[in-house]
Amino acid sequence: MTLMIRPEILTREAFKPFGEVIQIEGAEQFEINSGYTTRVHDLIDIQLAGENARAQMSFFLGRPRPLEIRMLEKHPLGSQAFYPLDNKRWLVVVADEPKGDRVRAFWATGRQGVNYHQNIWHHPLLVLEPQQFVIIDRAGEGQNCDERSLDTKVGLHLD
C-alpha cells in the first residue's frame, strides 16, 4: 500500500515545527557597506552539539530520484540547511516522527531554502531535475545521521 499526499506551499508558518524557511522576502534586512549592500540578516538557527562540533559549508549536486518516500533521516547532533543555487523548484519532505501518516511535503521555489532543526525527520534531497545546493551543517565527532524505514510508502501527487 502507498499513501498518497500533495505537497503544500512552503511558508515560514507551515514549516516552523521543523525549522526555518530561508528566503529574502519577509526577512530582517538593513544596509551595510556605505549603502552598497543589503544584509538579509540572521536567517537560520545553526544548531551544533557534541564533541568538537563545528559548522561546515558544502555543495550538494542533486539528481532526480524516485518520488516514493520509503525512509527518513534525522541529524541528532546538528541542524542541516539547504539553499538552491539554481532557480528551480524542489521538494521538501518532513515528519514529526518516521511514520507514513505523519509525512508532509512542501514545494520550495528556487528562491527558498530550508534549515532542518536538529532531530527533525526529513527525506534526503529531492529534486525533479539536476540542481545545485549550498549546505550548512555540522562537522565533528559522533554519529550524526539516523535513518529509519517508514511503515507505509508515501507517494507524491505533483499536480
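The protein chain has one helix and 15 strands. Both kinds of element are DSSP runs numbered from the N terminus: helices are H or I of at least four residues, and strands are E of at least two. This is a predicted model, in which local features need pLDDT of at least 70, side-chain atom pairs count only at pLDDT 80 or more, and totals for chains, interfaces and linings use all residues. Residues are numbered from 1 along each chain as its sequence is written, and side-chain values use heavy atoms, with hydrogens and water left out.

The C-alpha trace spans about 60 × 40 × 30 Å along its principal axes.

Of the 159 residues, 43% count as buried. Buried means under 20% relative accessible area, exposed means over 50%, and partly exposed lies in between (1.4 Å probe, protein chains only). The protein chain exposes about 8,800 Å², and carbon and sulfur atoms supply 48% of this area. Accessible areas come from the Shrake-Rupley method with a 1.4 Å probe; for residues, only the protein chains shown count as cover. Charged side chains number 18 positive and 22 negative, and the centres of the two sets lie 4 Å apart. Lys and Arg count as positive and Asp and Glu as negative, while His and the chain ends are not counted. Each charge is placed at NZ of Lys, CZ of Arg, CG of Asp or CD of Glu.

In soluble globular proteins, nonpolar side chains tend to be buried together. A nonpolar core is a set of buried Ala, Val, Leu, Ile, Met, Phe, Trp, Tyr and Cys residues joined through side-chain atoms within 4.5 Å. The largest such core here holds 18 residues, of which Phe15, Trp90, Val92 and Phe106 touch the most other members. Two or more residues each come from α1 (12–15), β9 (90–95), β10 (103–108), β11 (113–116) and β14 (131–139). The largest share, three residues, is given by β9. A second, separate core has 14 residues, including Val93, Trp107, Trp121 and Val154.

Alanine 14 lies in helix α1. Its relative accessibility is 18%, so alanine 14 counts as buried. Not counting residues up to four places away in sequence, alanine 14 touches Glu8, Arg104 and Phe106. Its C-alpha atom is separated by 34 Å from that of asparagine 33, 19 residues apart along the chain.

Glutamate 129 sits in the loop between β13 (126–127) and β14. At 40% relative accessibility, glutamate 129 is partly exposed. Leaving aside neighbours within four places in sequence, glutamate 129 is in contact with Gly62, Pro64 and Lys88.

Most residues other than glycine have a negative phi. Aspartate 42, in the loop between β5 (37–40) and β6 (54–62), has a positive phi near 55 degrees. This aspartate 42 counts as exposed, at 62% relative accessibility. Asparagine 119 also has a positive phi, about 70 degrees. Asparagine 119 lies in the loop between β11 and β12 (121–122) and is partly exposed, with a relative accessible area of 35%.

Key:
Contact = heavy atoms within 4.5 Å.
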